[in-house]
Amino acid sequence: MKKFVGLFLVLVVLVIIPAVDSVFAAGDEPGEYLDRRVIIWNLFFRMMTVAFVVGAVVSGTMIWQCWRFRESHPNAKPTPYEGTDW
Amino acid sequence: MSGHSNWPEWIYIAVVIALMCWVGAEAWNAERLVEHVPADAEVIKVIAQQWFWTFEYEDGTKTIGDLYVESGKAYKFEITSKDVIHSFNIHDYVVLMDAVPGRVNTVWFAPTDVRTHDIQCREYCGLIHYNMRGTLHVEEPSS
């Protein structure tokens, strides 16, 4: 239980307080306006980076699995079903 | 099963959940920033109808097709439609909001570049939808 309380305290300090702070502070200075182009395009490029990295990792893992667990791999171990005539 | 470990699966699940949380938080934050209308934003009513735009300023004047704003000021658009659904789009400023009959949608922006920009309808609204265009004139600040 103490661990969870500790974890929650850390989260409060690191995440929740800064988030609430920025929610109430956003764009309240007169004459200083956010550039929506910057926010929207930055979000787009960050999301594209995440998407391509995830795509590379997932497809790379699948390619590696096909390569590593092929029958002809030097370290391949026959399964109990190998040679069974279904 | 002996010699089998579930740890890679749990790590995979944790990474996926962490990524989804991060992506969601980033998107939520961007939306929050974009939707936070500055208190001193000037309101411009945008009325869409087949197939032109009418702009009504705070002093009551109206223009058709041409929207005049000043650089460095914030503007809040109150967008509605008189007939069918349209979509108000200033491509250069990533402003895009549907104009729906009987409903007022809002979006705000603060122009910076002193020049003209294209305004267009981004929702198919009938025969002359392709030519439902306007021009945004960003002028030097008056004061």
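Begin by selecting chain B and colouring residues 1-36 as domain 1 and residues 42-139 as domain 2, a division whose bounds come from an automatic or database domain assignment. The C-alpha centres of these two domains of chain B lie 38 Å apart. This is a predicted model, in which local features need pLDDT of at least 70 and side-chain atom pairs count only at pLDDT 80 or more, while totals for chains, interfaces and linings use all residues. Residues are numbered from 1 along each chain as its sequence is written, and chains are lettered from A and ligands numbered from 1 in the order in which they are written.

Next, select chain A, which has two helices and zero strands; helices (H or I, at least four residues) and strands (E, at least two) are DSSP runs, numbered from the N terminus. Of its 86 residues, 1% count as buried, where buried requires 20 or more other C-beta atoms within 10 Å of the residue's own, exposed is 12 or fewer, partly exposed is in between, and C-beta atoms are placed from the backbone.

Now show the contact between the chains, to which chain B gives 16 residues and chain A gives 15 residues, contact being defined by C-beta atoms, placed from the backbone, that lie within 7 Å. On the side of chain B, helix H1 (residues 7-35) supplies the largest share, eight residues.

Move to the largest nonpolar core, a set of 23 residues in which Val46(B) and Phe77(B) touch the most other members; such a core consists of buried Ala, Val, Leu, Ile, Met, Phe, Trp, Tyr and Cys residues joined through C-beta atoms within 7 Å. Centre on Phe77(B), which, leaving aside neighbours within four places in sequence, is in contact with Ile44(B), Val46(B), Phe88(B), Thr106(B), Val107(B) and Trp108(B).

Then display the open sheet of five strands in chain B, with the order S4-S10-S9-S6-S7 and mixed pairing, where two strands pair if DSSP finds at least two bridges between them. Its edge strands are S4 and S7 of chain B, each pairing on one side only. S6(B) and S7(B) pair in the antiparallel sense over five bridges, and His86(B) has Ala99(B) in S7(B) as its bridge partner.

Finish with two loops. Val94(B), in the loop between S6 and S7 of chain B, has a positive phi of about 50° although it is not a glycine; Val94(B) is partly exposed, with 18 other C-beta atoms within 10 Å.

Terms used:
Two residues are in contact if their C-beta atoms, placed from the backbone, lie within 7 Å.
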